[in-house]
Amino acid sequence: MAFRGADSIRSRNILVFLEGLPPLAGIPLELPRDVYVFIAPDAAAFDSLAGGAVPDWGAAVAVPAESRIVIPREGGRRTRGWTEARVLQHEWAHLGLHQHLPGLRVPRWFDEGYAEWASGGWSQTEGWRLRVALAFGQAPPLDSLALDWPRDQSSAELAYLLSATAVEYLLVSSGERGLRLFLEAWREGGSFQDAFRRVYGVTPGQFEEDWRKYVKREYGWLFVLSHSTVFWLTLTLALLVLVRVRRGRDREAMARLRATEPPDEPAYWEEEGDGETRDGT
């Protein structure tokens with residue numbers, strides 16, 4: 001492990017953090033190794049070390065061919081709300097995966113999905129975004145993400161979520177052991193599709209169909225509602241409104257009843273008394 005571009009408390013903290021990370025799922029314990037972390041002093045250096053222009057929202061970059069992680073000195077808007085721990089774990093997973101599969105072409109959806117899942121970098125409550133995208137036909141096929149990753153932030157965030165849930169489905173279906181066997185078969189044979197069929201028993205196309213059903217089942221509207229703070233807040237407010245309306249109706253009904261009751265002292269008594277009084281005066 002080495003650093004370039006900074007020698008500070010931050011770099012030492014990053015070093016300690018990376019060395020303390022748990023093993024990556026499905027990957028040998030010693031990977032990744034010989035990793036260089038560069039803290040870029042400015043945007044130009046960040047793009048240069050990353051090997052090309054990085055989108056404004058890009059929090060960090062892994063360069064597997066160089067076993068390199070590049071992070072900006074000042075995260076600023078690039079963090080997108082991510083913690084530095086999340087960012088580092090994500091890039092660390094990229095390097096581990098590629099070191100385990102040297103020289104092999106890794107589909108982008110699997111590469112990003114594995115890194116997202118391994119870093120714990122996504123929340124299941126975000127599944128509503130994917131459910132909506134699938135319902136309205138806005139989620140791109142997994143194969144399309146292998147060739148072109150979205151450049152705008154909103155589409156890229158959806159792509160990350162898309163990929164993360166796909167890898168999650170693999171792990172739900174076969175566990176970490178299945179993932180390890182798949183990666184070993186892929187490494188030995190060199191073919192993603194052949195290893196996929198051999199270990200999981202389906203083609204990538206069939207897997208995508210099964211995965212979409214899984215997403216609809218796990219992240220459908222019922223899941224969204226039952227896991228949504230907004231839903232429960234709305235339900236509470238609705239109940240309060242109903243109680244208030246009911247109380248208002250009860251008050252109105254009581255007022256109507258009171259209006260039809262005879263008075264305690266009828267008016268004709270009052271008039272008779274008034275007449276006697278006037279006569280005696």
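Rings of Phe, Tyr and Trp (its six-membered ring) pair if their centres lie within 6.5 Å, and planes under 30 degrees apart count as stacked, over 60 as edge-to-face and the rest as tilted. The views below show a predicted model, in which local features need pLDDT of at least 70 and side-chain atom pairs count only at pLDDT 80 or more, while totals for chains, interfaces and linings use all residues. Residues are numbered from 1 along each chain as its sequence is written, and side-chain values use heavy atoms, with hydrogens and water left out.

**View 1. The whole protein chain.** The protein chain holds 12 helices and four strands (DSSP runs numbered from the N terminus: helices are H or I with at least four residues, strands are E with at least two). Of its 281 residues, 41% are buried (under 20% relative accessible area; exposed is over 50%, partly exposed in between, with a 1.4 Å probe and protein chains only). Where contacts (heavy atoms within 4.5 Å) join residues at least 6 apart in sequence, 70% of them join residues at least 24 apart.

**View 2. The aromatic cluster.** One aromatic cluster is formed by Trp109, Phe110, Tyr114, Tyr169, Phe182, Trp186, Phe192, Phe196, Tyr200, Phe207 and Tyr214. Across the whole structure, a search finds 17 aromatic pairs. Phe110 and Trp186 form an edge-to-face pair, because their ring centres are 5.7 Å apart and their planes stand at 75°. This pair links distant parts of the chain, with Phe110 in helix α4 and Trp186 in helix α7 (residues 153-189), 76 residues apart. Phe110 and Trp186 are both buried.

**View 3. Phe110 and Phe192.** Phe110 also forms an edge-to-face pair with Phe192, at 6.1 Å centre to centre and with 65° between the planes. Since Phe110 belongs to helix α4 and Phe192 to helix α8 (residues 192-200), the pair ties together parts 82 residues apart in sequence. Phe192 is buried, as is Phe110.

**View 4. Helix α3 against helix α4.** Helix α3 (residues 84-100) packs on helix α4 (residues 108-118) at an angle of about 130°, and their axes are 8 Å apart. Axes here are lines fitted to C-alpha atoms, for helices over the stretch in contact, and angles run from 0 to 180 degrees between N-to-C directions. The angle makes α3 oblique to α4 (under 35 degrees is roughly parallel, over 145 roughly antiparallel, 65 to 115 roughly perpendicular and the rest oblique). The α3 residues Arg86, Gln89, His90, Ala93, His94, Leu97 and His98 meet Phe110, Asp111, Glu112, Tyr114, Ala115, Glu116 and Ala118 of α4. By class, the residues of this α3 contact with α4 are six nonpolar, four polar and four charged (Ala, Val, Leu, Ile, Met, Phe, Trp, Tyr, Cys and Pro count as nonpolar, Asp, Glu, Lys and Arg as charged, and the others, Gly among them, as polar). The crossing of α3 past α4 is right-handed (near helix turned clockwise from the far one by less than a right angle; left-handed if anticlockwise).

**View 5. Helix α3 against helix α7.** The axes of α3 and α7 cross at roughly 35° and come within 14 Å. In this case the crossing of α3 past α7 is left-handed. From α3, His90, Leu97, Gln99 and His100 meet Tyr160, Leu183, Glu184 and Arg187 of α7. Three nonpolar, three polar and two charged residues make up the contact of α3 with α7.

**View 6. Leu88 in helix α3.** Leu88 is placed in helix α3, and its relative accessibility of 2% makes it count as buried. Apart from neighbours within four places in sequence, Leu88 is in contact with Ile14, Phe17, Leu18 and Ile71. The C-alpha atoms of Leu88 and Ile71 are separated by 8.7 Å, and these residues are 17 apart along the chain.

View 7. The Leu31 to Pro32 peptide bond is cis, with omega near -5°. Pro32 sits in the loop between α1 (9-19) and β2 (36-40), and Asp34 lies in the loop between α1 and β2. Although Asp34 is not a glycine, it has a positive phi of about 50°; with 60% relative accessibility, Asp34 counts as exposed. Ser67, in the loop between β3 (61-63) and β4 (68-72), has a positive phi of about 50° although it is not a glycine. Ser67 counts as buried at 15% relative accessibility. Not counting residues up to four places away in sequence, Ser67 touches Arg33, Asp34, Val35, Tyr36, Leu95 and Gln99.
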